[in-house]
Amino acid sequence: MGFETEMRGIPEKYKKEVNDLIWKFLWDNKPNQIERNVCCLNINEGGMGMINIDNFVKSKQIKFIYKIINSEMDSWNAIGKHWLQKYDNKFGVDFFLCKCSDIKGLDIASIPKYYQDAIQAWNNFLGSCSTESKNDILDKNIFGNSEIKFNRNPLFFQSFLRNNIFKINDIWDKNNNTFVDNQTIFNRLDDKRNWISEWAKIKKSIPENFVKKLKSDDNEKIKKSLGLKIDSNLNIRNHNNKIIVPKELKLKNIQKEIRKPITPKCQFKWDTIYEKKFNWISIWYILNKIKCKQSIIQFQWKCLHNIVYSEYRLQKMGKSDGQCHFCKNEIESLMHLFYRCHKIKHVLDELKHIFNSIFEKNIVLVEENLIIGVYEGEITENLLLMNLVICILKWVIWKTRNYIKYNKSTYREAIVITNLKNELRSNIQMMIKNPEVRNLYNIRKLQLLLDTL
Ligand SMILES: [Zn+2]
């Protein structure tokens, strides 16, 4: 009983309240600036690893179902097993409901609400798990499959199911690379009443890309699964194809699987502006590895997402004349503030000077390096160090700009350079103590940088 109460999850009303609270806190009660789905992405994907309560609840439900399926009959799971096996007699398949990724058309109204929700979460989970190889396709169930539909409805053909024609493997002739012939199907069915039309529907519903893959001779050895997989016996397997037992199934990994794939909008924006395809995987990865003060990393994160309140942005909202606080002459966009403004030219020269002395070669910096970072080629210690210095410089420019804006003072580049050196010093001194930094950076170069300041 206690277990079931736990699995009842959070009532909708409270779920919404908790959600609102978290998001209000995150954005200081101001309107959310970035889609929630993007915030819920991992840091390495451009998100902030925020919890998605919906997916958290679903992951618990999915684990719950997996536990019921994979346990001996006991008092805690008897009711659960009963509901999960509701269609087993009809179709002659164990845990039939759990082998479906779409049960539209099956009546589950008699099943208690929280089992219904859990089954649905499980069905969707099944649908989101990856298929990569020919064997994955052959192992797919034909019926109750979200990918195999006729007139947008999944198929449930009792006569096929009851005669063990259940997986694509059962209807595919591997020797001739085509569907098995009609006679074979006819012979296998006990109940032949609708067989012609049902067989035709099945063949029509198998997606073309499945058939294409089945006909191709893809080499299975080079394929490696990316995420979790569920085989036709309802075992969840990891990327090495090893079965994960229920108690080792991590909620975090389930959530990763059920999250909708989404790309942060800013990636399209910067790709369009600079007319190239940035390597965003590296960009987010590096941001996560810089390891300087959090406020600096967060600022760069906001720059990348283009949610910094530059005067240009405020102007678009009708809250500013848009003018740059440094030159008082042009519009303060991020590109202007960090690269184009003639007032920061000497600061950028200083940056190059720092780079040249630690890397002992002439580093060319273009606008996108100041906006996005330095990401060409392999991720090396030097690359990390360059991005560290650039992020700190941007933070210093931003703080100086804010100081001028709110104190109505004037811009002096000597101050920016002094602030940059101070900020670099305090960050590096802090970083050197962090054992993680010792594995990421070339400590000798960090020390060298300290000495040149
Ligand atoms: Zn300016």
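This is a predicted model: local features need pLDDT of at least 70, side-chain atom pairs count only at pLDDT 80 or more; totals for chains, interfaces and linings use all residues.

Visitor: What makes the chain two domains, and how far apart are the C-alpha centres?
Guide: The assignment gives domain 1 (2-258) and domain 2 (266-452). Their C-alpha centres lie 45 Å apart. Where the domains touch, six residues come from domain 1 and six residues from domain 2. On the domain 1 side, these divide into two nonpolar, three polar and one charged.

Visitor: Why is helix 4 called roughly perpendicular to helix 7?
Guide: Helix 4 (residues 53-69) and helix 7 (residues 113-128) pack at about 90 degrees, with axes 8 Å apart. Angles from 65 to 115 count as roughly perpendicular, so helix 4 gets that label against helix 7. Among the residues making the contact are Phe64 and Ile65 of helix 4 and Trp122 and Phe125 of helix 7. The contact residues divide into eight nonpolar, one polar and two charged.

Visitor: Which residues touch the most other members of the largest nonpolar core?
Guide: Val389, Cys391, Ile392 and Leu393 do, out of 46 residues in that core. Helix 21 (381-407) is among the helices that each supply at least two residues, and the largest share, eleven residues, comes from helix 21. Another core, of 42 residues, lies apart from it and includes Leu126, Phe157, Ile165 and Ile254.

Visitor: What is isoleucine 392 in contact with, leaving aside neighbours within four places in sequence?
Guide: Cys292, Ile296, Leu420, Glu423, Leu424 and Asn427. Contact here takes C-beta atoms within 7 Å.

Definitions and conventions
Residues are numbered from 1 along each chain as its sequence is written. Axes are lines fitted to C-alpha atoms, for helices over the stretch in contact, and angles run from 0 to 180 degrees between N-to-C directions. Helices (H or I, at least four residues) and strands (E, at least two) are DSSP runs, numbered from the N terminus. Angles under 35 degrees count as roughly parallel, over 145 as roughly antiparallel, 65 to 115 as roughly perpendicular and the rest as oblique. Two residues are in contact if their C-beta atoms, placed from the backbone, lie within 7 Å. Ala, Val, Leu, Ile, Met, Phe, Trp, Tyr, Cys and Pro count as nonpolar, Asp, Glu, Lys and Arg as charged, and the others, Gly among them, as polar. Domain bounds come from an automatic or database domain assignment. A nonpolar core is a set of buried Ala, Val, Leu, Ile, Met, Phe, Trp, Tyr and Cys residues joined through C-beta atoms within 7 Å. A residue is buried if 20 or more other C-beta atoms lie within 10 Å of its own, exposed if 12 or fewer, and partly exposed in between; C-beta atoms are placed from the backbone.
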